[in-house]
Amino acid sequence: MTIIGGGLAGCEAAWQLARGGIGADLYEMRPVRGTEAHQTDRLGELVCSNSFRNATLETAVGLLKEEMRRLGSIVMQVADATRVPAGACLAVDRLHFADGLTRAVEALASVRIVREELTELPLGLTILATGPLTSPALSQALQTALGRTHLYFYDAIAPIVTVDSVDMGVAWKASRYGKGGEDYINCPLDREQYYRFVAAVGGAEKVATRDFERCIYFEGCMPIEEMARRGPDTLAFGPMRPVGLVNPRDGKRPYACVQLRQDDAEGRLFNLVGFQTKMTYAEQRRVFRMIPGLEQAEFVRLGSLHRNTFINSPAVLLPSLQVIGRKRLLLAGQLVGVEGYVESAATGLLAGLNAERLLQGVAPLSPPRTTALGSLVAYVTQRGKKGFQPMNANYGLLPPLARPLRGRDKKLALAERALADLARWQTSVQFTGEPTPSQTVA
Ligand SMILES: Cc1cc2nc3c(=O)[nH]c(=O)nc-3n(C[C@H](O)[C@H](O)[C@H](O)COP(=O)(O)OP(=O)(O)OC[C@H]3O[C@@H](n4cnc5c(N)ncnc54)[C@H](O)[C@@H]3O)c2cc1C
């Protein structure tokens with residue numbers, strides 16, 4: 001069996017296969033061929049931050065890490081062993097982390113690491129985990145396999161808020177010109193609020209654009225700050241245009257309006273339409289909470305814009321991470337439209353478990369929807385989703401609790417339910433036991 005990509009997802013998949021006693025060839029193109037962001041030949045190199053984000057069960061990414069530990073994740077084992085002080089976050093010494101992961105995978109007797117760029121998709125059972133910077137030749141091969149329209153090369157991510165956190169005493173539901181019923185949540189701004197907002201966008205701190213990202217500002221995914229820079233009224237003629245909208249509270253058309261569109265099948269999450277941005281996360285929270293109705297908004301994803309190769313998972317992927325119509329090809333990592341180190345490694349773990357099941361002749365599976373991993377995989381593979389963009393783990397993806405709780409209590413109850421359901425699922429599907437051979441990591 002073949003794994004392509006020795007990043008977080010590929011290493012995790014190799015480890016899971018080795019636990020099941022299954023051998024694999026793991027292809028990693030570095031150092032023979034580099035990427036725009038990686039700087040070493042280490043497996044699992046962290047290309048930017050050294051943080052695996054929040055470590056507590058008060059966040060879904062904290063829960064996801066705990067689920068991974070319980071599923072025997074090597075990425076979590078090495079991350080925990082190379083931890084550096086970072087408050088409530090799990091941050092690592094990046095060099096020790098990549099060294100530890102490389103050594104752990106190199107020590108697996110059943111895994112052969114091949115330092116070579118693959119430019120075609122193998123015909124046999126394969127896990128493709130080549131990440132956001134998949135080499136152009138392999139991207140081409142993937143495009144041919146999936147269809148040209150199902151491979152994307154950049155993110156233009158707009159922020160997402162939980163519907164419960166929108167003040168519906170200010171916002172209202174309607175579509176432009178009354179077409180489409182109450183599909184959108186509309187947040188109205190008067191003239192003064194609009195120009196104050198535009199000034200805040202212009203003055204906010206932004207994330208630096210890397211050279212290799214400059215080419216991605218197509219008109220259709222321009223960041224709002226770039227629009228604001230072109231003139232103070234540009235946003236009012238763009239994503240904040242109020243045409244076709246009448247505020248039922250005063251019977252008038254607002255000066256400008258931010259529209260929120262439903263983002264998940266259950267209607268718990270809404271995205272800010274057209275609000276892709278490179279403002280820093282802290283500035284996004286500050287500036288977007290100036291929008292009437294969003295003063296208390298809970299952001300489950302913040303906006304961004306960067307080079308990222310990922311597939312249109314809702315159209316081409318099953319929750320088992322198998323490609324529809326080509327079930328011996330599994331995809332994992334950032335390529336499937338999850339966002340972040342932890343999420344990428346988690347899908348590698350699932351792909352590894354499912355490849356093992358396929359080789360054993362048993363049906364592949366996906367964890368319960370009530371878990372952080374199950375809900376994330378369900379989100380990215382949810383059929384019929386239009387304008388798909390990558391997603392982080394977040395509690396908004398999990399089905400609601402039977403009990404009406406709020407805040408910290410709600411999150412801890414969701415985590416408790418997730419871990420209980422994960423344990424039941426593990427027992428029911430009888431996963432294989434210990435890593436082979438047993439490793440001392442980091
Ligand atoms: C510039 C940048 C900054 C980022 N910053 C962060 C951050 O701060 N925090 C965060 O959580 N996430 C960040 N991400 C996202 C991050 O890349 C992913 O979260 C994570 O590394 C993806 O894991 P992966 O295993 O899918 O891919 P990767 O970790 O990128 O691993 C893929 C591997 O496949 C190899 N490869 C590619 N093509 C081929 C081929 N044809 N043949 C053989 N090998 C190949 C690559 O060399 C690479 O080693 C960032 C991404 C980018 C591009």
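The structure is a predicted model, in which local features need pLDDT of at least 70 and side-chain atom pairs count only at pLDDT 80 or more, while totals for chains, interfaces and linings use all residues. Residues are numbered from 1 along each chain as its sequence is written, and side-chain values use heavy atoms, with hydrogens and water left out.

**The ligand and its surroundings**

- The ligand is surrounded by 32 residues, each with a heavy atom within 4 Å of it; the closest are Glu28, Arg30, Leu118, Gln334 and Tyr341.
- By class, this shell holds 13 nonpolar, 14 polar and five charged residues (Ala, Val, Leu, Ile, Met, Phe, Trp, Tyr, Cys and Pro count as nonpolar, Asp, Glu, Lys and Arg as charged, and the others, Gly among them, as polar).
- A backbone N or O atom of Ala9 lies 2.9 Å from an oxygen atom of the ligand.
- Nitrogen atoms of the ligand lie 3.1 Å from a backbone N or O atom of Met29 and 2.9 Å from one of Leu118.
- The protein covers 93% of the 980 Å² of accessible area that the ligand has on its own (areas come from the Shrake-Rupley method with a 1.4 Å probe).
- Helix 1 (8–19), strand 2 (24–28) and helix 11 (341–360) are the elements that give two or more residues to the shell; helices (H or I, at least four residues) and strands (E, at least two) are DSSP runs, numbered from the N terminus.

**Helix packing**

- Two packed helices are described by the angle between their axes and the distance between the axes.
- Axes are lines fitted to C-alpha atoms, for helices over the stretch in contact, and angles run from 0 to 180 degrees between N-to-C directions.
- Helix 3 (residues 74–81) packs against helix 4 (residues 94–106) at an angle of about 140 degrees, with the axes 9 Å apart.
- Helix 3 is therefore oblique to helix 4 (angles under 35 degrees count as roughly parallel, over 145 as roughly antiparallel, 65 to 115 as roughly perpendicular and the rest as oblique).
- The axes of helix 2 (residues 60–70) and helix 13 (residues 407–429) come within 11 Å and cross at roughly 20 degrees, so these two helices are roughly parallel to each other.

**Backbone features**

- Most residues other than glycine have a negative phi, and most peptide bonds are trans.
- Arg30 and Pro31 are joined by a cis peptide bond, with omega about 0 degrees.
- Pro31 lies in the loop between strand 2 and strand 3 (51–54).
- Arg53, found in strand 3, has a positive phi near 70 degrees.

Definitions and conventions: Polar contact = N/O pair within 3.5 Å; in protein donor to acceptor, adjacent residues only side chain to side chain.
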